[in-house]
Amino acid sequence: MATIKKPRLKDVSALRRFLSLVSVTLFGVFMLVFLLGTNSGSRLFVSDEIDEYLTYSYNRSYINKKLNLPKQSELSIKLEKLNQMPPRNRDLYPKLSKDHVTIVLYVHNRPQYLKVVVESLSRVVGISETLLIVSHDGYFEEMNKIVESIRFCQVKQIFAPYSPHVFPNSFPGISPRDCKDKEDAAKKHCEGTPDQYGNHRSPKIVSLKHHWWWMMNTVWDGLMETQGHSGHILFIEEDHYIYPNAYRNLQKLIKLKPKKCPDCYAVNLAPCDVNSRGEGWDCLIAERMGNVGYAFNQTVWRKIHKKAREFCSFDEYNWDITMWTKVYPSFGGPVYTLRGPRTSAVHFGKCGLHQGQGEKNACIDNGVVRFDVDNQDKVANIKPEWEVRFAEHQPGYKAGFKGWGGWGDERDRQLCLNFAQMYLLENTATSS
């Protein structure tokens, strides 16, 4: 019996060593997958290993000096590195559909609102086929956690590294030397250029326009996932409730546009009148581009990008009003968008952007948003045989409208122009 037990003990010992080696190997593979961000949430305070990985492809010093961009803080640099992380959930959804339409959701700091739009997106038919890019105006932990919880599609997060919210003590945030309200710069020895109404900049207000413009330039020209993308990209905001049929309707509109409305610049999921739920007609509608659920392609973006100076110099802090009154009219003709007769997205925000950021004042009835989603809102309800009805006498700002102000500081205008140039310079520097 003794001669039999001895080799068995050796076998057990060898087996233990083998299992230990396998465990170490599997742990190493798991950590590698984690570090590469294949299925993990992107943390703000990333480990040294991830920092080292990101530094390999991060070199913006040339661009920063060339454009004289604001000196970046540690937080700003870290956010810019996080923007290079690959999408999450690729293990759950390895391949995107060939005809997928990338969705960009741009958010600020209203967690109650974001929970609603994320919940609505989770019910959208076909959402698992596409990539969702979430663009953050700065970094807010609760907003980040909500996005990291998404499991219904591939998700990529990007953070505006020059958001005023990221610079608490210097431009583009609040600088100690900044003029306030209607102070006289010469008398107060403060810094800043007032708007046309004599008011000096408010970082919280200018962040709206800065974020939208930075996001557009980044999505179209600065991301590996979308750079050179020829198809349409859909843009939605954190206070847009998306119906289950939105994605399928969007795909149908994009296919119909070249034939039904070749002069249309975009497609829309909702009427330009945010209070309208649609006419219910048996036809498609071509009207002014709305700001709820709009999608356009690279060709249209290039036309918009060429108007960077018009966009950046207009004394109006709202990006959409700037587009309607300054950019689109400069195209030389009507700028139409194509949509269905029944909305597939709804604006549910009850108050301004910088309100409703807490639990008690979320601008949502009892903290809940409820919409009646009929059966026809659950499936695609746009028919290819429909004709197009062009909206006439559309409401809008009259010629000569000078803007509501809030965008008079020359520093904001220059930063805006820099956003339009940074990726073009980066690509030139990389190729050379």
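A cavity here is a set of points, on a 1 Å grid over the protein atoms alone, where a 1.4 Å probe fits but cannot get out. Grid points are joined across faces, edges and corners, and a volume is the space filled by probe spheres set on the points. All the views come from a predicted model, where local features need pLDDT of at least 70, side-chain atom pairs count only at pLDDT 80 or more, and totals for chains, interfaces and linings use all residues. Residues are numbered from 1 along each chain as its sequence is written, and side-chain values use heavy atoms, with hydrogens and water left out.

**View 1. The largest cavity and its lining.** Searching the whole structure turns up six cavities of 30 Å³ or more, and the largest holds about 60 Å³ of space. Its lining (residues with an atom within 4 Å of a point) is made up of W212, M289, G290, N291, Y294, F296, W319, D320, M323, W324 and Y328. Two elements give two or more residues each: β8 (294-296) and α12 (319-327). Helices (H or I, at least four residues) and strands (E, at least two) are DSSP runs, numbered from the N terminus. The top contributor is α12, with four residues. Sorted by type, the lining has eight nonpolar residues (Ala, Val, Leu, Ile, Met, Phe, Trp, Tyr, Cys and Pro count as such), two polar and one charged; charged means Asp, Glu, Lys and Arg, and polar means the others, Gly among them.

**View 2. Helix α5, mostly covered.** Take a look at residues 111-122: nine of the twelve residues in α5 are buried, meaning under 20% relative accessible area with a 1.4 Å probe, protein chains only. Among them are Y113, L114, V116, V117 and V118. The cover over these buried residues includes β1 (102-107), β2 (131-136), α6 (141-148), β4 (233-237) and β5 (240-242).

**View 3. A tilted ring pair, W220 and F235.** Rings of Phe, Tyr and Trp (its six-membered ring) pair if their centres lie within 6.5 Å; planes under 30 degrees apart count as stacked, over 60 as edge-to-face and the rest as tilted. By this rule there are 22 aromatic pairs. In W220 and F235, the ring centres are 6.5 Å apart and the planes sit at 45°, so this pair is tilted. W220 belongs to helix α8 (residues 203-221) and F235 to strand β4, so the pair ties together parts 15 residues apart in sequence. Both W220 and F235 are buried.

**View 4. A cluster of rings.** Zoom out from W220 and F235, and ring pairs link them into a cluster with Y106, W212, W213, Y294, F296, W301, F311 and W319.

Terms used: 1 Å grid on protein atoms, 1.4 Å probe; cavity = no way out; pocket = protein on both sides within 12 Å on 5 of 7 lines; lining within 4 Å. Buried < 20%, exposed > 50% of the residue type's maximum accessible area, 1.4 Å probe, protein only. Contact = heavy atoms within 4.5 Å.
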